[in-house]
Amino acid sequence: MILLYDLAGAGDRRFSSNCWRTRFALAHKGLAIETRATRFIDIPALEGGGYPTVPIIRDGDDVIVDSWRIATFLEARYPAPSLFDHPGVEAFARQLQSWLVTAVSPALLKVFVLDLHARLDPADQTYFRQSRERRFEMTLEQLADGPRETRIAAARTALGPLREALADTSAQRPFLGGVRPLYPDYLAAAALMWPRAVSPGPLLSVDDPILRWFERMLDLFDGLARRAHKEWDGP
Ligand SMILES: N[C@@H](CCC(=O)N[C@@H](CS)C(=O)NCC(=O)O)C(=O)O
């Protein structure tokens with residue numbers, strides 16, 4: 001049984017994209033897991049302390065932190081079914097992750113940061129506000145400044161490369177990974193799981209090809225992601 005420390009907001013919302021990457025990877029490997037709901041303020045004490053972020057997993061005596069390191073650890077210890085299938089897919093996943101962190105997350109944060117703050121456990125709200133305001137050198141309200149429609153439009157534009165990659169998906173090739181999902185699919189789906197968990201505002205228009213693929217991602221593993229707490233008015 002693998003233990004996953006999974007970030008949770010108020011009402012046990014499992015909103016963390018980084019943790020969803022690991023959640024999907026563990027499901028892909030078919031591994032039995034237990035998740036432990038974790039708040040930001042709980043992280044410093046986990047597993048004896050010294051780990052800065054979640055996800056963290058414990059597998060036997062091994063404690064692994066960082067979603068990428070967890071994915072490669074799982075791949076080495078439980079090779080089949082592979083998360084990457086091919087070294088080229090692993091390289092693509094690395095690139096995709098970097099793009100999600102540098103281009104997509106900032107755009108999503110501008111739209112959803114206040115929704116997220118409002119749905120954190122009250123004990124986490126002060127830590128979240130202080131740490132993010134220090135990091136961005138502005139208040140959360142300044143971060144989310146400007147008309148919401150403009151910020152949503154910017155987030156949709158930021159997702160353009162993913163939309164383009166998914167335009168070729170079809171019944172024959174429904175995933176970025178081809179006939180079946182691979183780690184790039186999990187990275188991209190995980191990025192959408194946090195707006196889905198915290199905000200009623202629709203991020204994607206109903207005819208967006210990203211949404212058709214995301215529906216398939218929600219259905220995987222007996223609807224693992226679909227069963228997660230949903231705030232938005234969409235799938
Ligand atoms: N590169 C890390 C990033 C993990 C990360 O930033 N996790 C956030 C939650 S989504 C966190 O634990 N933040 C701790 C904090 O802000 O104190 C990974 O992919 O695991």
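Asp208 and Arg163 form a salt bridge (a side-chain nitrogen of Lys or Arg within 4 Å of a carboxyl oxygen of Asp or Glu), their closest N and O atoms being 2.9 Å apart. This pair links distant parts of the chain, 45 residues apart: Asp208 sits in the loop between helix 8 (183-198) and helix 9 (209-223), and Arg163 in helix 7 (residues 160-166). Helices (H or I, at least four residues) and strands (E, at least two) are DSSP runs, numbered from the N terminus. Asp208 counts as buried at 3% relative accessibility; buried means under 20% relative accessible area, exposed over 50%, and partly exposed in between (1.4 Å probe, protein chains only).

The model is predicted, so local features need pLDDT of at least 70 and side-chain atom pairs count only at pLDDT 80 or more, while totals for chains, interfaces and linings use all residues. Residues are numbered from 1 along each chain as its sequence is written, and side-chain values use heavy atoms, leaving out hydrogens and water.

In total, 20 salt bridges are counted. One of them joins Arg119 to Asp115, with the closest N and O atoms 3.8 Å apart. Arg119 is buried at 18% relative accessibility, and Asp115 is buried at 14%. A network of salt bridges links Arg13, Asp115, Arg119, Arg148 and Glu231. Asp219 pairs with Arg226 in a further salt bridge, at 2.9 Å between the closest N and O atoms; here Asp219 is partly exposed at 45%, and Arg226 is partly exposed at 30%.

Turning to strand 4 (residues 62-65), Ile64 lies within this element and is buried, with a relative accessible area of 8%. Contacts (heavy atoms within 4.5 Å) of Ile64 include Pro55, Ile57 and Phe73, not counting residues up to four places away in sequence.
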